[in-house]
Structures are given as structure tokens and as C-alpha cells.
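Here are a few notes from my pass through the model, for when you have it open.

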Amino acid sequence: MPTVFTHVAVPVCAAIALGTRRVPVPALLAGMLASLAPDFDGLAFKLGIAYGGMAGHRGFTHTLVFALLLGLAGWWLAPRWGMRRAAGWAWIALCTVSHPLLDMLTNGGIGIAFFWPFSDVRYFSPWRPIEVSPIALKKFFSPRGAQVLFNEMATVWAPLLAAAVLALVARRSVERRHSAIAA
């Protein structure tokens, strides 16, 4: 699994690309939380639930169904954010689904039960460039943890930030053209 820092890369970079009018700060914060929510299934380890079970890690909370259901929180919160309900739902659902998609790109653990309950198959991407993160804090703050963070900066953060900045520049260019035409 990628680190907690990298799971929030998707909503952060998407918000940069889209701007604060489309993704206000409260929606960004909720999207960041939604991108982390699937890993709350880590509590299953403490409860003695099997790793490979649907209630275990990378089970139900890593499914498309879970993302679509969690998106309902965005539908409910959207008016408070000044967004249309459909946009709030889509924002939270997409931030949530980014988590299992990133997990599919890691080189460790078990696959993602992405299409459950329609399929019990666990998926990995054929291309898996992200180093799996150490879970224990002691191992995270180690040379191995630093290696994982460097890998994530190169494979996830740099491409997402580059795409976000390009989208931001393009969006501002279009907005300037529209304001010049309107003036």
C-alpha cells in the first residue's frame, strides 16, 4: 500500500487542477479523508479478522461499491460546500476510489477486491511501480521507509503535480481569454 502521504496526492492535485471555486477547502479536506478511508479496514487486524476476507484489509473498503456509497457523504455535504449534489458525490467517490487504484499499483500485499460483490477476484495492475509501504511506525521511520517515500515522490507525486500544474495553467489561460472576450 502507498503511504498515507501519497493517498492524499490525488485529491490535492485534483484540487490544484480544478481550483478552489470547483473544490472549496472543506471539500478538499473531506476528499483527503475519503482517500484514506479505505485503510480504516486496518482495524480488522486488531479484531482478529483474516487479512484475505472481505471484512479484512483490501476487502470491502477497497471496492468500487464502497467508493460509490461513501460518495453519498459528498452528496449530503455538497450544499454546505457550495457545490451541486452530483458534484459533491462524484468528488468524494472519485477521491475514495483513488485509494484502491493506487493500491493496485503496489508491489506487495494481496490484490484488491475491486469489483466485489460481483466478483471475489483480487486485482493488481500489470504495472506495479509503487513500493509497498512498511506499516509499523518503527519500520516506516527507517531507510526502507525513506526509500518508499522517494519512490512515491517519483512515481506518484511528480506526475500528478505536473499534470495538476499543466491543468491549472490551461484553466487560467481559458479563464483569461473568456474574461478578455467579456470585457
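1. Start with α2 and α3. This is a predicted model, and in it the two helices pack at an angle of about 150 degrees. Anything over 145 counts as roughly antiparallel, so that is how α2 and α3 run relative to each other. Their axes sit 8 Å apart, and α2 passes α3 in a right-handed crossing.

2. Who makes that contact? On the α2 side, look at Pro-11, Val-12 and Ala-15. Facing them from α3 (residues 25-36) are Leu-28, Gly-31, Met-32 and Ser-35.

3. Next, α8, which covers residues 143-182 and has 40 residues. From first C-alpha to last, α8 reaches 56 Å, close to the 58 Å expected. Even so, do check Met-153: a kink of about 40 degrees in α8 is centred there.

4. Several α8 residues are buried, among them Asn-151, Glu-152, Trp-157 and Arg-171. Gly-145, Val-148, Val-156, Ala-164 and Leu-168 are buried as well. The cover over the buried residues of α8 includes α1 (4-7), α2 (9-18), α6 (85-104) and α7 (137-140).

5. Leaving aside residues up to four places away in sequence, Leu-161 touches Cys-13 and Ile-16. Its C-alpha is also 8.4 Å from that of Ala-9, although Leu-161 and Ala-9 are 152 residues apart along the chain.

How values were computed:
Residues numbered from 1 in each chain as written. Predicted model: local features only at pLDDT ≥ 70, side-chain atom pairs only at ≥ 80, totals over all residues. Heavy atoms only, no water. Helix = DSSP H or I, 4+ residues; strand = E, 2+ residues; numbered from the N terminus. Expected span 1.5 Å × (residues − 1). Bend = angle between axes of the 7 residues up to and from the residue. Buried < 20%, exposed > 50% of the residue type's maximum accessible area, 1.4 Å probe, protein only. Contact = heavy atoms within 4.5 Å. Axes fitted to C-alpha atoms, helices over the stretch in contact; angles between N-to-C directions. Parallel < 35°, antiparallel > 145°, perpendicular 65-115°, else oblique. Left-handed = near helix turned anticlockwise from the far one by under 90°.
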